[in-house]
Each structure stands twice: as C-alpha cells, then as structure tokens.
Amino acid sequence: MLCPPKPCQETDIDLIQATNETNVNIPQMADTLFERATNSSWVVVFKALVTTHHLMVHGNERFIQYLASRNTLFNLSNFLDKSGSHGYDMSTFIRRYSRYLNEKAFSYRQMAFDFARVKKGADGVMRTMAPEKLLKSMPILQGQIDALLEFDVHPNELTNGVINAAFMLLFKDLIKLFACYNDGVINLLGR
C-alpha cells in the first residue's frame, strides 16, 4: 500500500475541516492540488486527484463551487508516467479519473448543485423538480454517470491502495448518482 492508513485519514480530516474555516483560502488550496496534479509521477497525481475528490464529497460546498467556477480543472487527457511499466498502466486510470472529476465539477456548474449531495427520495430534489428543468438535468446526470463508469477498474487492480481509495469514492458517488437518476425517472414517468 502506498499510503499508510492513519496519516492519510488524518490529513483528509484536517483538509475537510480547513474547507469549513472562513480564513482558509479555498482557491489557494485547490490550486495547490492542481499543481500537484501536474507532476510526472502517477503516485503524486493520483493522490492529488483522490484528495480533490474527497474534498468535493466531504468538504465545504465552497470547494466544489470554486472548482465549478474554473474553466478547466485537470488537463490530464494525455498524462503518461514513463518511469516504468507500472506508470504506463496507472496513467490510464489517471486519465479516466480526472475526466470524471472534471465532469463532476461541470455538472455542478450546469446545475448549481452536486447530484451526490442533494436530498433523495419522495420529497427529494429530482422527484420535485419541474419538468423543464428535469429534462435539462437528466442528460447532465447521465454524462456524470457515464464518466464515472469509464473508470472501469477490475477486482485484481484494487490491491493498489491508491486505486482502491479512488474506487471507494467513485462507488459511493455512483450509488448516490443512481438514486438521483432513479428519482428523476420516477418523476418523469409520473408526469
């Protein structure tokens, strides 16, 4: 495992708490993560992506709002770690993962909310949404789900601690996104 469980968890908790502080510069925090994502090492880049995703999910909403306000987030569509065969293999996952995070921020920009954070169920956002807005939001939600599913990790690859951390965040997002999609379909069929 590339990252010992205790220090990573403590660091994530510290960063999550920092997003809730009024004196913390969210753009500077995000820019530091973007800078780390320009590194040539897949380990550094993957950890920056996982940390960004973790803050998008668990941090203050100001963090994802800032990400959504940017024109570009992660420009990693051509990322390739040439340091060894493992770097080549991991580069594929970095490209896929960064695409999902970009799509998640783009969805937030389009909708002004995070599908994974909204209330679900009978009185949830997607069930009570007006038909015109619902018809606009369903393709956006579908795009985010499609980008998530493109991560396409296989069980034997989950032994890598960094891939496993990303997979767990993606899996939790997928459950929430599917619940939103289900609510949207129920709303559409009810009309």
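## Basis of the model

Residues are numbered from 1 along each chain as its sequence is written, and side-chain values use heavy atoms, without hydrogens or water. In this predicted model, local features need pLDDT of at least 70 and side-chain atom pairs count only at pLDDT 80 or more, while totals for chains, interfaces and linings use all residues.

## Helices α3 and α8

Helix α3 (residues 42–58) and helix α8 (residues 161–190) have axes that come within 10 Å and cross at roughly 30 degrees. Helices here are DSSP runs of H or I, at least four residues, numbered from the N terminus. The angle makes α3 roughly parallel to α8 (angles under 35 degrees count as roughly parallel).

Residues of α3 that meet α8 include W42, F46 and V50, and those on the α8 side include L169, L170 and D173; contact means heavy atoms within 4.5 Å.

## Salt bridges

The whole structure holds 6 salt bridges, each a side-chain nitrogen of Lys or Arg within 4 Å of a carboxyl oxygen of Asp or Glu. In one of them, the side chains of D173 and K104 meet at 3.4 Å, N to O. This pair links distant parts of the chain, with D173 in helix α8 and K104 in helix α5, 69 residues apart. D173 is buried, at 1% relative accessible area, and K104 is buried at 1% as well (buried means under 20% relative accessible area, exposed over 50%, partly exposed in between, with a 1.4 Å probe and protein chains only).

A salt bridge also joins E150 and R99 at 3.3 Å, N to O. E150 is partly exposed at 40%, and R99 is partly exposed at 37%.

Conventions
Axes are lines fitted to C-alpha atoms, for helices over the stretch in contact, and angles run from 0 to 180 degrees between N-to-C directions. Helices (H or I, at least four residues) and strands (E, at least two) are DSSP runs, numbered from the N terminus. Angles under 35 degrees count as roughly parallel, over 145 as roughly antiparallel, 65 to 115 as roughly perpendicular and the rest as oblique.
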